[in-house]
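Reader: I have a structure open on my screen and would like to learn how to read it. Could you take me through some features, one at a time?

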Amino acid sequence: MSKEELHLLTNYQLPITNYQLPIPMKILMLSLTFPYPPSRGATEGRTFNLLKHLHQHHEVTLVTQRHSGISDEEVEALRNFVTELVIFPAPLEPKQGGIAGIMGKVGRFSEAVIKATPPNVLHRYSPEIQDWIDSFVQAGKCDVIDCEHSVNELYIRPEYRQRVGTVVDVHSSVYGWVRNHLDMGVSHNPLRDRLYLNLLLKRYEKRYCDKFTTIVVTTDDDRKQLQNISPESRFEIVSNGVDLEMFPYREKDPGGHQLIFIGAMNSTHNIDAARFFAIEIFPQIQQRYPDAKFTIVGANPVGEILALKERPGIIVTGRVPSVVEYMHQATVCVVPLRVGLGIKTKTLETMSGGTPIVASDRGLEGLSVDGNGVPLRALRANRVAEYVEAISRLFENPQLRDDLSRNGRSLVETEYTWQGIGQRYEQVLLQNCP
C-alpha cells in the first residue's frame, strides 16, 4: 500500500489499534517554547507529552530557547526525555515606550508585511539557531524535522524537503484564531488585528504550509481553516491527550452548587469566557441557588479577572498547587468559551477527573459528546438560558451527574490518553521519513 493510499484510508485520523514497535527514527524537534514543565501551558503540555512518547523508541534532538524564568532544575529534568538537548538564549523583549518604541513597532510591522511573517515569529528568530539546523540537516543527522507550533516554521528552508521529512504541528490556525476573535467582537486590539488579518496572516499560513510535507492539526475545524488557505497541502488530525495519573478520577460526587472554570487567566479566550459567565450567567444561577459559588482557577489573572472577585459568590484563585483538587471539589465545570480554535485540553482533563461539564460548541470542539448512538458525556450550551437550564439540571440530578462523569472518563481512557495520541503522532512522522 502506498503512502497516498494509506492516507486516504485513515481519513485524516490515524488508528491506534494493533500498535507495533516502530522503526527507529532520528527526529529533530524544534520548539522555541521551552516545553517543561508540561503544566506551564497548553503548548508546553502538548509538546512535552509528544516528546516523551517519541523518546521511548527514537533518537530525539530538541532545539529550544531558554528565558530567565526557566530554572536549572527544569533544564536537567527535560534532559531525561531527549537524546540531545540544544538550548539557545531567548531574545529580549523589544522596548515598548517612547518614540523609539513607537518607531520600533512601525518597523516591525513593515518587516512583517514584507516577509509575510508575524512580528512575534520574526522576533524569536536566531541566525545562530538557523546555522545550527542547516549544519545538522546537511550532515544527514535526522530523518524528519518536527516543528512544534507554527512559530518554529521560520527555520525550515523549502529545500529541506529534498533531504528529510518536514512536519509542522500547528496547535491552532493563527489566521482562524484572529478572525474568530474579530468575528465575536472580543479582540483587545481590533484595528491591529484587522490589519494583520488582511495584510499578513493569510499569506503567512499559505507560505509556511507550502514548505511542509505534512501539517498536523488537532480538530477537523482547524484542518478546514488551513485547507481553505493551502488546498494542496497534506493534513493529519492528531488530537490532544491527557495524563491519567495527573488527572485521576474523583472518589466521590461532592454535591452542592459549586461551579468552576479552569484556564490560563491572561489568555484572551479564557478572559472572555470567564467574564461572560460571571457577568451574564452566574447572577441568574444565584437567583435559583443563593449559595452557589463560581471559582475561577488559573495562573496570571489579569485585572479584568481579578475585578470579578468583587462580585458575590465569585472566587479568583490565581495559580494553585493542584488544579485537580479544585476540580474534584466542584459540582459542575463550565467551559463557556466563545472564541479560540482547536481541541480544548481543559475539557479533556476535566472529563478525566470525572467532573460533569457544561460547555459551548467551542469548548467541545472535536469531541463526540452527544447525539444519536453517543453516550451523553457533557451538556451543551451556547446561550445564557441554555447554561442556566443545563447547570440546574445537573445540580438537581445526581444520576445525570454520575452518567456524565463516568461517560466522560471512559471517552478519555479509550481515545485521548497521551500514549494513544503519541502513537498516532509517531505514525505521522514515520510516514514522512524518506
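Reader: Let me start with Glu236 and Arg234: are they buried or exposed?

Author: Glu236 is buried, and so is Arg234. Buried means under 20% relative accessible area, exposed means over 50%, and partly exposed lies in between (1.4 Å probe, protein chains only). Before we go on, this is a predicted model, where local features need pLDDT of at least 70, side-chain atom pairs count only at pLDDT 80 or more, and totals for chains, interfaces and linings use all residues. Residues are numbered from 1 along each chain as its sequence is written, and side-chain values use heavy atoms, with hydrogens and water left out.

Reader: What do Glu236 and Arg234 form together?

Author: Here is the general idea: side chains of opposite charge can pair when their charged atoms come close. We call it a salt bridge when a side-chain nitrogen of Lys or Arg is within 4 Å of a carboxyl oxygen of Asp or Glu. Glu236 and Arg234 form one, with 3.4 Å between the closest N and O atoms.

Reader: How many salt bridges does a search of the whole structure find?

Author: The search finds 21. One of them joins Asp134 to Arg157, whose closest N and O atoms are 2.8 Å apart. This pair links distant parts of the chain, 23 residues apart: Asp134 sits in helix α6 (residues 127-138) and Arg157 in the loop between β4 (144-148) and β5 (165-169). Helices (H or I, at least four residues) and strands (E, at least two) are DSSP runs, numbered from the N terminus. Asp134 counts as buried because its relative accessibility is 10%, while Arg157, at 31%, counts as partly exposed. There is also a network of salt bridges linking Glu153, Arg207 and Lys211.

Reader: Where do Asp220 and Arg223 lie?

Author: Both are in helix α9, three residues apart, or about one turn of the helix. In general, an α-helix has 3.6 residues a turn, so residues three or four places apart point the same way. The side chains of Asp220 and Arg223 meet in a salt bridge (2.7 Å, N to O). Arg223 is buried, with a relative accessible area of 10%, whereas Asp220 is partly exposed at 29%.

Reader: In what order do the strands of the open sheet come?

Author: Strands count as paired if DSSP finds at least two bridges between them. Here seven strands form an open sheet in the order β3-β2-β1-β4-β5-β6-β7, with parallel pairing. β3 (84-89) and β7 (235-237) stand at the edges with a single partner strand each, so one side of each has no neighbour in the sheet. β6 (residues 214-217) pairs with β7 in the parallel sense over three bridges, and Ile215 has Phe235 in β7 as its bridge partner.

Reader: Which strands does helix α9 touch?

Author: Contact means heavy atoms within 4.5 Å. Helix α9 (residues 220-229) packs on the sheet and touches β6 and β7.

Reader: Which residues does Gly241 touch?

Author: Leaving aside residues up to four places away in sequence, Gly241 touches Leu348, Tyr416, Thr417, Trp418 and Ile421. Gly241 lies in the loop between β7 and β8 (258-262) and counts as buried, at 1% relative accessibility. From Gly241 to Glu413 there are 172 residues in sequence, yet their C-alpha atoms are 9.7 Å apart in space.

Notes. Axes are lines fitted to C-alpha atoms, for helices over the stretch in contact, and angles run from 0 to 180 degrees between N-to-C directions.
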